[in-house]
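Here are some notes to read with the model open in your viewer.

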Amino acid sequence: MQKANWSSPVAEFIILGLSAYPRLEKMFFVLILLVYLVILLGNGLLIVVTLLDSRLHTPMYFFLGNLSFLDICYTTSSVPLVLDGFLTPRKTISFSACAVQMFLSFAMAGTECVLLGMMAFDRYVAICNPLRYPVVMSKAAYVPMAVSSWAIGGTASVVHTSLTIQLPFCGNNVINHLACEILAVLKLACTDISINVISMGVTNVIFLGVPVLFISISYVFIIATILRIPSAEGRKKAFSTCSAHFTVVVVFYGTLLFMYRKPKSKDLLGDNKEDLSDKLIPLFYGVVIPMLNPIIYSLRNKDVKAAVRNLTAQKCFTQ
């Protein structure tokens, strides 16, 4: 009987969310709903602009369109559930739906890590080797780069999601988190999760350490090249082409490195305690960063602002 209980499957999970903070739930519902609408509007507008304006049919804006689409997918995979949880006293989610959400959130996060590295390479070639830029960053190069980013993120997510859903949970199905996040689900396992912890550590190195190192090296060369430009106007123009990407990288990796600084396994005493900051930090990463991306790129990019004005003028003219 003990063996059967050990391997008994969990049909659904209960997500606690912010149930311990009822006053915060109403405030966060309104706040996150507004942010989510801004994410859909801002990133959707960027995608439309980069598709309709022929002047933006370049590698940099192709990557930017992918980033905007990725942010929409990432937030849509979790935010509706989070919002529903704020209104429902007892929020449950099926085991399969939880697995799908874990897969989507991890895949989107992994893809964005790689994609930001690809965008750094694009800026490196544009600044450091401008004459070779059309050859190096041709369509035959940047399309496979974007596809590989999605493929790498999706493959890693398949591995980690598969390892997680195969664990026994022994009836422990209360997730002390806002959504089905892999690290929170791992805490519920009633078996050794050392393989999951090791694989998560390896993934952190691949998706955090390697891209950060690659981006850092790229920007060392970029900054060195910009400083050698004789005119102040030339330096300003060159810096403006990569300042938006650099800002997004700092915010994205700063939050992600803090959140995933180490894989969180179960407490040694069996407790599953998690303070409010452990929930709000992933929430910041999950909704604030996707909202900031289009704002940063639109405010810091003259081409995007000009394309939005032209698109608006054309719409008004047709009406």
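1. A quick word on terms before the sheet: two strands count as paired if DSSP finds at least two bridges between them. With that in hand, look at isoleucine 15, which sits opposite lysine 91 in E2. Strand E1 covers residues 12–15, and four bridges tie E1 to E2, with the two running antiparallel.

2. Keep in mind that this is a predicted model. The chain has 319 residues, and 46% of them are buried. Its secondary structure comes to 12 helices and three strands.

3. Strand E2 (residues 91–94) is worth a look from both faces. Which of its residues are on the covered face, and which on the uncovered one? Lys91 and Ile93 are on the covered face, while Thr92 and Ser94 are on the uncovered one.

4. Now the helix pair. Two packed helices are described by the angle between their axes and the distance between the axes. For helix H5 (residues 95–128) and helix H7 (residues 139–165), the angle is about 145° and the axes are 7 Å apart. The crossing of H5 and H7 is right-handed. What is the contact made of, by class? There are 17 nonpolar and 10 polar residues in the contact of H5 with H7, and no charged ones.

5. On to threonine 203, in helix H9 (residues 194–227). Is threonine 203 buried or exposed? The relative accessibility of threonine 203 is 9%, and buried means under 20%, so threonine 203 counts as buried. Setting aside neighbours within four places in sequence, threonine 203 is in contact with Phe106, His160 and Leu208. Serine 157 is 46 residues away along the chain, with 9.8 Å between its C-alpha atom and that of threonine 203.

6. Helix H2 (residues 22–52) holds leucine 46, and leucine 40 is found in helix H2 as well. Leucine 46 is buried, at a relative accessible area of 6%, whereas leucine 40 is partly exposed, at 32% relative accessibility. The cut-offs explain the labels: under 20% is buried, over 50% is exposed, and partly exposed is in between.

7. What does each of these leucines touch, not counting residues up to four places away in sequence? Leucine 46 touches Leu64, Ser68, Pro294 and Val304. Leucine 40 is in contact with Ile72 and Thr76. Leucine 40 and methionine 291 are 251 residues apart in sequence, yet 8.5 Å apart in space, C-alpha to C-alpha.

8. Last, two totals for the chain. Of the contacts with a separation of 6 or more, 82% are between residues 24 or more positions apart. The chain exposes about 16,300 Å², and carbon and sulfur atoms supply 70% of that area.

Definitions and conventions. Residues numbered from 1 in each chain as written. Predicted model: local features only at pLDDT ≥ 70, side-chain atom pairs only at ≥ 80, totals over all residues. Heavy atoms only, no water. Buried < 20%, exposed > 50% of the residue type's maximum accessible area, 1.4 Å probe, protein only. Axes fitted to C-alpha atoms, helices over the stretch in contact; angles between N-to-C directions. Left-handed = near helix turned anticlockwise from the far one by under 90°. Nonpolar A, V, L, I, M, F, W, Y, C, P; charged D, E, K, R; others polar. Contact = heavy atoms within 4.5 Å. Areas by Shrake-Rupley, 256 points an atom, 1.4 Å probe, with all protein chains shown as cover.
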